[in-house]
Amino acid sequence: MVAGHLREKSGYYYAVLNYTDSLGKRKTKWISTGLTVKGNKKRAEAILMDARRNFNPEEPKVMNGDILFADYMEK
């Protein structure tokens, strides 16, 4: 499970997830809940917990250094 918290922005709740990728760099992912701030904190917290449980970070695409530029452009 990744770390995360709720953030208010423009009158809406956002789930902010913090994680480190496979290269060791820290990344932040903002997910909109679509819920307004007034009267929706419990629902927003439930969405945050669900997002934290189900989040799978994307693997960065690492290029091999042994490919020629012309071959890369053809792909």
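Seven residues form the largest nonpolar core of this predicted model: Val2, Ala15, Leu17, Tyr19, Leu48, Ala51 and Phe55. A nonpolar core here is a set of buried Ala, Val, Leu, Ile, Met, Phe, Trp, Tyr and Cys residues joined through side-chain atoms within 4.5 Å. Two elements, strand E2 (12–20) and helix H1 (41–54), each give two or more residues to this core. The most comes from E2, with three residues. Helices (H or I, at least four residues) and strands (E, at least two) are DSSP runs, numbered from the N terminus.

Leu17, one of the core residues, touches Val2, Ala3, Gly4, Lys27, Thr28, Lys29, Ile31, Leu48, Ala51, Arg52 and Phe55, leaving aside residues up to four places away in sequence. Contact means heavy atoms within 4.5 Å.

The whole structure holds two aromatic pairs. The rings of Tyr19 and Phe55 have centres 5.0 Å apart and planes at 55 degrees, so this pair is tilted. Rings of Phe, Tyr and Trp (its six-membered ring) pair if their centres lie within 6.5 Å; planes under 30 degrees apart count as stacked, over 60 as edge-to-face and the rest as tilted. Because Tyr19 lies in strand E2 and Phe55 in the loop between H1 and H2, the pair ties together parts that are 36 residues apart in sequence. Both Tyr19 and Phe55 are buried.

Two exposed residues are set out below; buried means under 20% relative accessible area, exposed over 50%, partly exposed in between (1.4 Å probe, protein chains only).

| Residue | Place | Relative accessibility |

Ser10 has a phi near 55 degrees, a positive value in a residue other than glycine. Between Ser10 and Trp30 there are 14 Å in space, C-alpha to C-alpha, and the two are 20 residues apart in sequence.

As to the numbering and the basis of the values, residues are counted from 1 along each chain as its sequence is written, and side-chain values use heavy atoms, with hydrogens and water left out. As the model is predicted, local features need pLDDT of at least 70 and side-chain atom pairs count only at pLDDT 80 or more, whereas totals for chains, interfaces and linings use all residues.
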